[in-house]
Amino acid sequence: MIDAFLTLAWTVTKIMMIVFPITIAVAYFTYFERKVIGYMQVRRGPNRVGPLGLLQPFADVFKMLFKEIIIPTNANRFLFLLAPVLALAPALTAWAVIPFDDWLVLADIDAGILFVLALTSMGVYGILIGGWASNSKYALLGGLRSAAQTVSYEIAMGFALVGVIVLSGTLNLTGIVQAQSGSLLSWFWLPLLPLFVIYFISGVAETNRAPFDVAEGESEIVAGFHTEYSGSAFAVFFLAEYANMILISALAALLFLGGWLSPFQGVPVLGDTVLGAGGVHWFLLKTALFCFLYLWFRATFPRYRYDQIMRLGWKVFIPITIVWIMVAGVFRLLGWYGGA
Amino acid sequence: MPIMEIVFYLFSAVLVASALCVVTVGNPVHAALFLVLSFFSAACIWMLLQAEFLAIVLVLVYVGAVMVLFLFVVMMLDVGPSRAASRIGAYLPVGLLVALAMGLQLFMVIWTRGLESQVMPEPRPEGYSHTSEIGRLLYTDYLYAFEIAAVILLVAIIAAISLTHRRRPGTRHQDPGRQVQVRREERVRLVKMSSDGEER
């Protein structure tokens with residue numbers, strides 16, 4: 001019995017060791033976002049709270065926590081409060097199977113990639129239920145838009161993952177990274193270039209970020225599904241959205257850019273130095289690169305029209321992915337990638 | 001392993017309770033959400049049986065896609081607390097018949113497996129992969145059944161699309177190819193105007 005409790009305590013500690021840094025990362029991601037977009041628009045961004053504005057995220061967090069949660073009249077109280085939790089839970093749970101290094105993973109399960117796909121597809125419930133339970137037209141429309149968009153792009157995303165599975169021959173995320181071992185050119189971005197691009201764009205659409213942020217398009221439906229949310233309930237939605245963005249970035253790094261592998265692997269001079277050997281730092285660097293792309297998109301592209309989003313997902317991305325899965329199969333058959 | 005059994009009975013209770021709620025609650029959105037909960041607890045029970053591939057696919061397909069579309073439609077329809085509860089008498093005889101048939105089938109499955117079988121399965125040996133085992137069985141021993149099922153699904157997809165995809169007169173469509181090819185000269189005419197509005 002003592003053993004069981006010790007195992008439980010150790011597991012909880014490990015979970016905390018993942019959840020806590022993610023929360024901090026989300027806080028500084030918002031700071032990063034405001035700074036990056038600020039400089040892209042020739043502004044300075046937040047620079048008042050703390051040196052260089054570094055304490056701004058904490059100021060925001062405390063402001064949110066001390067605000068009142070207003071529950072609209074005739075809203076479904078239980079579902080209204082449950083929705084943010086339903087949005088956050090899958091966003092954090094999916095991190096359980098993300099390998100940060102060769103040995104650094106909480107749950108090294110066999111069907112890891114399917115687990116992540118299943119959990120990211122469940123995140124939409126928070127948005128859908130939140131939109132419905134608010135008893136507000138704008139919130140409902142935002143929730144419905146988000147649901148349709150997520151289901152559509154999930155198909156393209158799933159097919160992009162099939163390409164990765166074909167080349168790596170495993171559903172295990174650690175195995176997928178190990179299958180990319182070699183050099184910069186043996187990472188899957190090269191043989192699966194169209195799938196790589198489609199995966200990340202679908203990821204941006206799944207997380208309802210610009211230019212696909214019609215679920216909260218402020219010029220059309222106020223703030224979409226979280227129109228009626230305030231205070232810490234809104235903060236939880238916010239946390240879920242950013243945790244999902246970092247998750248998609250981490251997955252793109254794992255599946256297509258070789259996860260923790262070093263880009264200088266096999267270069268004789270570097271050998272076992274920090275640059276030559278794989279490690280967590282490479283994984284974090286690649287994840288940060290995709291996070292930056294999210295912000296760059298937001299500062300650059302105008303919002304898509306809703307029917308164009310649907311057309312892009314169904315009529316452009318899905319056919320390309322189906323063709324490229326077959327191309328990946330041919331690569332495998334010829335033995336160019338993924339061994340025999 | 002008593003902990004596993006506690007977890008099993010916990011999820012079973014949630015499953016049965018939420019399945020009952022699906023048919024008894026008045027609000028259709030709540031009913032759909034209870035259906036999501038029952039799918040999810042069924043997936044958890046499958047996970048306990050070490051059928052992780054099936055469990056995750058159940059969540060992915062039913063919870064992640066099918067039920068989202070269900071909720072989508074139910075929320076759009078805006079049906080209030082339904083009158084289905086008052087019409088339960090009309091469905092009762094057929095419902096009982098179906099329930100009886102299903103119950104009989106379940107009973108026979110349990111009977112043929114033997115009553116001595118335990119709740120939790122034996123743990124699988126190290127390195128056993130449920131996912132690859134399913135793949136091997138589907139693509140070797142049961143290949144024909146699998147392909148026939150796939151063809152039936154394909155026919156159903158095409159039939160569903162062709163049933164809903166009918167041309168209605170008077171609807172307007174956009175042709176993105178033509179939209180992209182538009183040139184400024186075709187759409188914009190610059191007119192020089194004098195300040196009093198007369199064309200020069």
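1. Crossing of H1(A) and H2(A). In this predicted model, H1(A) crosses H2(A) in a right-handed sense. A crossing is right-handed if the near helix is turned clockwise from the far one by less than a right angle, and left-handed if anticlockwise. Helices are DSSP runs of H or I with at least four residues, strands are runs of E with at least two, and both are numbered from the N terminus.

2. Geometry of that pair. Helix H1 (residues 2-40) of chain A packs on helix H2 (residues 56-66) of chain A at about 115°, and the axes are 9 Å apart. H1(A) is therefore roughly perpendicular to H2(A). Axes are lines fitted to C-alpha atoms, for helices over the stretch in contact, and angles between N-to-C directions run from 0 to 180 degrees. Roughly perpendicular covers 65 to 115 degrees; under 35 is roughly parallel, over 145 roughly antiparallel, and the rest oblique.

3. Residues of the packing. H1(A) supplies Ala27(A), Tyr28(A), Thr30(A) and Tyr31(A), and H2(A) supplies Gln56(A), Pro57(A) and Val61(A). A contact needs C-beta atoms, placed from the backbone, within 7 Å. By class there are 5 nonpolar, 2 polar and no charged residues. Nonpolar means Ala, Val, Leu, Ile, Met, Phe, Trp, Tyr, Cys and Pro; charged means Asp, Glu, Lys and Arg; the others, Gly among them, are polar.

4. Positive phi in chain A. Leu52(A) has a phi of about 60° although it is not a glycine. Leu52(A) sits in the loop between H1 and H2 of chain A. Leu52(A) counts as partly exposed because it has 14 C-beta neighbours inside 10 Å. The cut-offs, on C-beta atoms placed from the backbone, are 20 or more others within 10 Å for buried, 12 or fewer for exposed, and in between for partly exposed. Asn135(A), also not a glycine, has a positive phi of about 60°. Asn135(A) lies in the loop between helix H5 (124-133) and helix H6 (137-168) of chain A.

5. Interface. The contact takes 20 residues from chain A and 19 residues from chain B. Helix H3 (residues 52-77) of chain B gives the most to the chain B side, with 15 residues.

6. Chain B and confidence. Chain B has 8 helices and 0 strands. The complex gets an ipTM of 0.80 and a pTM of 0.84 from the predictor.

7. Conventions. Residues are numbered from 1 along each chain as its sequence is written, and chains are lettered from A and ligands numbered from 1 in the order in which they are written. Local features need pLDDT of at least 70, side-chain atom pairs count only at pLDDT 80 or more, and totals for chains, interfaces and linings use all residues.

Notes. Contact = placed C-beta atoms within 7 Å.
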